[in-house]
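Please look through the sequence and the fold together before reading on.

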Amino acid sequence: MIVLQTIAVAFAMFSAIPVPQFDWNEKNMRYAMCAFPLIGAVIGAAWCVCGVLPLPGLAKAAGFALVPVWVTGGIHLDGYADTCDALSSYGDREKKLEILKDPHCGAFAVIRLCSYFLAYFALCTCVRFTPRAGALWALALVLERALSGYAVAAFPMAKNTGLAHTFATAADKTVVRRVLAVLAAVLCMGMAALGGWALVLAALTVLWRYHAVSRKQFGGITGDLAGWFLQKAELWMLAALCACQWGGLL
């Protein structure tokens, strides 16, 4: 029962998929971040379904771009937008953290979101769906969430409030770090076996950038910064997937 509750907590927080509701407590939140990658598996499965449907090219590309938004409800995009606003302010650390808490959407957030979706859709039009590409992308979606969950348990927090702090505080950090590190390593090997070394490199590079930016600009990570990482990792891995296909590596 605790396992099911733990999965339900992860899906209730990080997806728009209806799940049974439970009161969050110490037991069912302890390993919730370990269940976070399962949402990537669901998105990957939906992405593959879209890929095999007999849709026109542009409709299929739109489906590829929108499936992650539909499944997650856009929660990570919200964090991406807030972080873009904060980084574009060029203010001090306190100013940036204040912007992250502001519920309003600034001009830079709108500009970056429009640019993001234009780039994402353009890359989706370039993807040639094959069973191998579908499997590789599904693993990539799981990998980015394993890395994100690992960061919550391993990276310093920017503040003692917020979603990331709540999950980090409730987590058994040692177990979460170990489980997600092993999962990430297995996923990286699986992706490499499918010819996706470029996607692995893209994800790890964005993770390094996430760590550097969060510490320098914010003093640690927040839930918004976690969303920023996921969206950046997804975009760069998608670009790597397209590059591998067009380069004849897949």
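Which residues in α12 are buried? In this predicted model, the buried residues of α12 are Leu 199, Val 200, Ala 202, Ala 203, Val 206, Leu 207, Tyr 210, Val 213, Ser 214 and Phe 218. Seen down the axis of α12, these buried residues fall within an arc of 165°, so they line one face of the helix. An α-helix has 3.6 residues a turn, so residues three or four places apart point the same way. The face of α12 turned away from that buried side carries Trp 197, Leu 201, Trp 208 and Lys 216, which are exposed. As for its length, helix α12 covers residues 197–218, and its 22 residues reach 31 Å from the first C-alpha to the last, close to the 32 Å expected at 1.5 Å a residue.

The unreviewed UniProt entry annotates residues 28–53, 105–123, 135–158 and 179–208 as "transmembrane region". In the span of residues 105–123, which is 89% helix and 0% strand, the end C-alpha atoms lie 26 Å apart, while for residues 135–158, a span that is 83% helix and 0% strand, the end C-alpha atoms lie 35 Å apart.

A further feature is found on the surface, where Val 49, Val 52, Leu 53 and Leu 55 form a nonpolar patch that has about 340 Å² of accessible area together. Of these residues, Val 52 has its place in helix α4, which comprises residues 37–52. Why does Val 52 count as exposed? Its relative accessibility is 59%, and a residue is called exposed when this value is over 50%.

How values were computed
Residues numbered from 1 in each chain as written. Predicted model: local features only at pLDDT ≥ 70, side-chain atom pairs only at ≥ 80, totals over all residues. Heavy atoms only, no water. Patch = residues over 30% accessible without salt bridge, like charges linked within 9 Å, V, L, I, M, F, W, Y side chains within 5 Å. Areas by Shrake-Rupley, 256 points an atom, 1.4 Å probe, with all protein chains shown as cover. Salt bridge = Lys/Arg side-chain N within 4 Å of Asp/Glu carboxyl O. Helix = DSSP H or I, 4+ residues; strand = E, 2+ residues; numbered from the N terminus. Buried < 20%, exposed > 50% of the residue type's maximum accessible area, 1.4 Å probe, protein only. UniProt positions renumbered as here; feature names shortened; annotations may be inferred. Expected span 1.5 Å × (residues − 1). Arc of directions from axis to C-beta.
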